[in-house]
Amino acid sequence: MPPSKLDEEYVQNSFHTYLKSSLTQAKVEKLIEDQVLASAEADLMISGPALCLYFAALRCTTNPPSVPLPRATKSAPPLELSSDNCPPAFLGFLAVWAATVPRIQGLVPQDQHDLARIICGLQPIAIPPNSECAGIAADLRAVAIEISQRRTFQDRYANDLQAALDAGSSGNSFVPPPVYSDLLTPESSGYGSKKFASSSSSSVLSAFPSRTPSPTILTQDTPEIDFIRETLYSALAAVLEQITASRAHNPHPLARLFRYDPPRAHFAAVSLAILEVATTQGIILPDQNAIMCVSAREPGGHKLTPDACPEPLRPFMMELIAIGRDAQVMQDEDNEETIKAIERGDQDIPEPRFERVQAIIVDGVRVGGDTAADRCRTRKRSVEGRAVAFANRVNALGLSISRIKAFRDREKEVFDVLGPHP
């Protein structure tokens with residue numbers, strides 16, 4: 001008789017127990033400072049859960065990897081989360097984490113510490129850094145992004161941060177950023193909400209946006225916010241129209257996600273809208289470090305540069321432009337690889353990396369079942385790692401966008417009018 005599956009809420013509670021201790025340990029090791037915990041910067045929504053997964057991998061002593069769970073009572077027998085008893089909603093997360101365990105434990109202590117630093121957006125200490133660390137960090141952050149997109153996680157993360165702040169009596173207090181508003185409740189999003197839905201330049205840190213203050217100043221409309229918002233709304237409308245226009249026998253990948261996991265579909269749609277902005281000709285102007293924004297008063301668009309924006313908006317603008325630049329380069333490289341493969345007469349045309357990025361945004365990061373030769377497997381891991389890292393950047397920017405009140409306030413109207421409804 002197969003083992004019974006653990007209760008999802010029990011697993012969730014266990015994760016938050018470990019998350020509190022992981023944030024406290026990161027604070028003690030100076031990976032995360034008090035003021036960062038107190039402000040709940042956008043990247044902390046990702047680095048916090050990723051650190052929890054990292055520390056769990058260091059502590060793992062089983063093969064295949066499993067996670068010892070806190071006992072519900074002192075007399076309860078020890079229990080471990082494994083692929084046998086893991087709730088279906090978390091199997092994908094567990095599989096990706098388990099694949100990183102031997103890679104993390106195989107690192108020398110200095111590289112393990114550098115991995116933790118990269119997860120937190122800090123520069124590695126080793127010169128040159130171990131390139132394996134960036135790939136592992138990308139996988140952990142990808143899982144963390146999927147976790148942070150869950151409404152239940154957002155609701156409880158404030159308590160996890162406050163617990164870490166209270167450790168050592170720092171005297172700081174956590175102030176919830178805008179993301180903790182009722183963004184994905186049925187009343188505000190137009191979608192039903194489930195208690196627990198199913199389911200990261202050449203620098204080693206290029207996959208991880210640098211820490212930027214939470215855009216709490218951007219709670220009021222400014223002309224610059226309006227330009228960016230309308231440009232993203234236009235792209236979001238294009239994405240949603242693709243979903244509703246897809247036929248039943250060949251539905252858009254997001255159509256299925258909207259049916260069984262509306263909150264995740266919401267975030268995925270915003271991230272795909274970012275890619276739409278990034279790759280639509282004439283919007284991102286990398287050589288001019290500008291974005292040609294949608295403008296009702298200017299038929300040709302309004303050129304907006306980071307220097308013309310309020311200070312809190314500039315990091316967001318620079319990352320959006322950088323994503324546009326890198327996405328355009330990625331598409332060019334994909335085209336070159338496809339042409340070369342055709343010219344060589346290859347039977348197996350490689351999947352374009354840009355398409356892989358889109359798939360990761362919709363489906364999340366997953367463990368592949370590649371059984372090819374070592375050389376081919378290494379190449380695929382390299383390509384996959386770069387795709388995961390880029391998808392993480394896009395998803396992280398999407399989470400940041402959802403924190404800006406000026407964007408959220410009218411976002412509901414776009415989804416209500418153009419989005420699919422379960």
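Tutor: Let's start with a definition: an angle of 65 to 115 degrees between two axes counts as roughly perpendicular. Keep in mind that this model is predicted.

Student: Why is H9 called roughly perpendicular to H10?

Tutor: The axes of helix H9 (residues 223-245) and helix H10 (residues 253-260) cross at roughly 90°. That value falls within 65 to 115 degrees, which makes H9 roughly perpendicular to H10. The two axes also come within 8 Å.

Student: Which residues in H9 and H10 meet?

Tutor: From H9 come Val239, Leu240 and Ile243, and they meet Leu254, Ala255 and Phe258 of H10.

Student: What makes the contact of H9 with H10 nonpolar, by class?

Tutor: Val, Leu, Ile, Ala and Phe are among the residues that count as nonpolar. The contact therefore has 6 nonpolar residues, with no polar and no charged ones.

Student: Why do E3 and E5 stand at the edges?

Tutor: The open sheet has the order E3-E4-E5. Strand E3 (284-285) and strand E5 (302-304) each have a single partner strand, so one side of each is left without a neighbour in the sheet.

Student: Which residues touch the most other members of the largest nonpolar core?

Tutor: Among them are Leu254, Trp97 and Ile291, in a core of 108 residues. Helix H11 (residues 262-279) gives the largest share of this core, 11 residues.

Technical notes: Residues are numbered from 1 along each chain as its sequence is written. This is a predicted model: local features need pLDDT of at least 70, side-chain atom pairs count only at pLDDT 80 or more; totals for chains, interfaces and linings use all residues. Side-chain values use heavy atoms; hydrogens and water are left out. A nonpolar core is a set of buried Ala, Val, Leu, Ile, Met, Phe, Trp, Tyr and Cys residues joined through side-chain atoms within 4.5 Å. Buried means under 20% relative accessible area, exposed over 50%, partly exposed in between (1.4 Å probe, protein chains only). Helices (H or I, at least four residues) and strands (E, at least two) are DSSP runs, numbered from the N terminus. Axes are lines fitted to C-alpha atoms, for helices over the stretch in contact, and angles run from 0 to 180 degrees between N-to-C directions. Angles under 35 degrees count as roughly parallel, over 145 as roughly antiparallel, 65 to 115 as roughly perpendicular and the rest as oblique. Contact means heavy atoms within 4.5 Å. Two strands pair if DSSP finds at least two bridges between them.
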